[in-house]
Amino acid sequence: RERLRRILPGAMMNLFRFLGDMCHILSFVLILHKMQKSRSAAGISLKTQVLYLVVFCTRYLDLLWNFTSLYNWCLKVIFIGCSAGVVVVMTKARPHANTYNAELDAFPWFYLVVPCAVLGVLINVDHYSFFEMIWAFSIYLEAVAILPQLAMLQKAGEIENLTSHYVAALGAYRGFYLLNWVYRYFTEDSYVQRIVWVAGLVQTLLYCDFFYHYYNSKRSGLNKPVKLPI
């Protein structure tokens, strides 16, 4: 670790995290742009969007009293605000709400929320802290929140261009965060976050099949739709 600490500049860790955060913000830009441009929410899983909103609202309960940096605070506000905005557009805006396909978005969300809630209570860093339980729950839930979206796309068989870029941006966000964790492990003393690491690895693995088909489809042009086996 000492050798790597001398070789690699400290800013590199921030770069990995910064690139991950920018990919995450890009995913919001892409999904909102897709719905505004097409005036449609077709191909977007409302269940995944609601799960993400739950993730950010539970993880950032400390928004009003825990200020570590302006950067962190702004990201918390952006993630909660954009997630809420997507849900509002999909449920209240017209004609967007009329284009949402609930039949395709049929993944049973309680199969995700209930186990994650149990894990949050049983496996966390402080069993006497309610906020640590909620934080752990949000980590576990984020790892699997993309499943309704992936299941919906699998049923459709073909992914519209902007929607595919949205999912790819989410996958890239997680990939950069994995690099950030690896870097921090080798360059920071006593850096251990096993809950985050395991959940992040699970989340990344869920994207592997999508990225395989995304790469094969985009080789012939970025504007090509992604085709998935039904």
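Predicted model: local features only at pLDDT ≥ 70, side-chain atom pairs only at ≥ 80, totals over all residues.
**View 1. A nonpolar patch sits on the surface.**
Here you're looking at Trp 109, Phe 110, Tyr 111, Val 114, Val 118, Leu 119, Val 121, Leu 122 and Ile 123, which share about 860 Å² of accessible area. Pick out Tyr 111, which belongs to helix α6 (residues 110–122). Is Tyr 111 buried or exposed? Tyr 111 counts as exposed, because its relative accessibility is 55% and the cut-off for that label is over 50%.

**View 2. Helices α9 and α11 cross each other.**
Helix α9 covers residues 161–187 and helix α11 covers residues 208–218. Their axes come within 11 Å, and the crossing angle is roughly 130°. That makes α9 and α11 oblique to each other. As for handedness, the crossing of α9 and α11 is left-handed.

**View 3. Asp 21 and Arg 17 pair up within helix α2.**
The whole structure has six salt bridges, and this is one of them: the side chains of Asp 21 and Arg 17 meet at 3.5 Å, N to O. Why are these two about one helical turn apart? Because they are four residues apart in helix α2 (residues 11–38). Asp 21 is buried, at 1% relative accessibility, whereas Arg 17 is partly exposed, with a relative accessible area of 26%.

**View 4. A salt bridge joins Glu 160 to Lys 34.**
The N to O distance between these side chains is 4.0 Å. The pair ties together distant parts of the chain: Glu 160 lies in the loop between β1 (158–159) and α9, while Lys 34 lies in helix α2, 126 residues apart.

**View 5. Glu 142 and Arg 174 belong to a salt-bridge network.**
In this view, the side chains of Glu 142 and Arg 174 meet in a salt bridge of 3.3 Å, N to O. They come from distant parts of the chain, 32 residues apart: Glu 142 from helix α7 (residues 130–144) and Arg 174 from helix α9. Glu 142 is buried, with a relative accessible area of 3%, and Arg 174 is buried too, with 4%.

Methods:
Residues numbered from 1 in each chain as written. Heavy atoms only, no water. Patch = residues over 30% accessible without salt bridge, like charges linked within 9 Å, V, L, I, M, F, W, Y side chains within 5 Å. Areas by Shrake-Rupley, 256 points an atom, 1.4 Å probe, with all protein chains shown as cover. Buried < 20%, exposed > 50% of the residue type's maximum accessible area, 1.4 Å probe, protein only. Axes fitted to C-alpha atoms, helices over the stretch in contact; angles between N-to-C directions. Parallel < 35°, antiparallel > 145°, perpendicular 65-115°, else oblique. Left-handed = near helix turned anticlockwise from the far one by under 90°.
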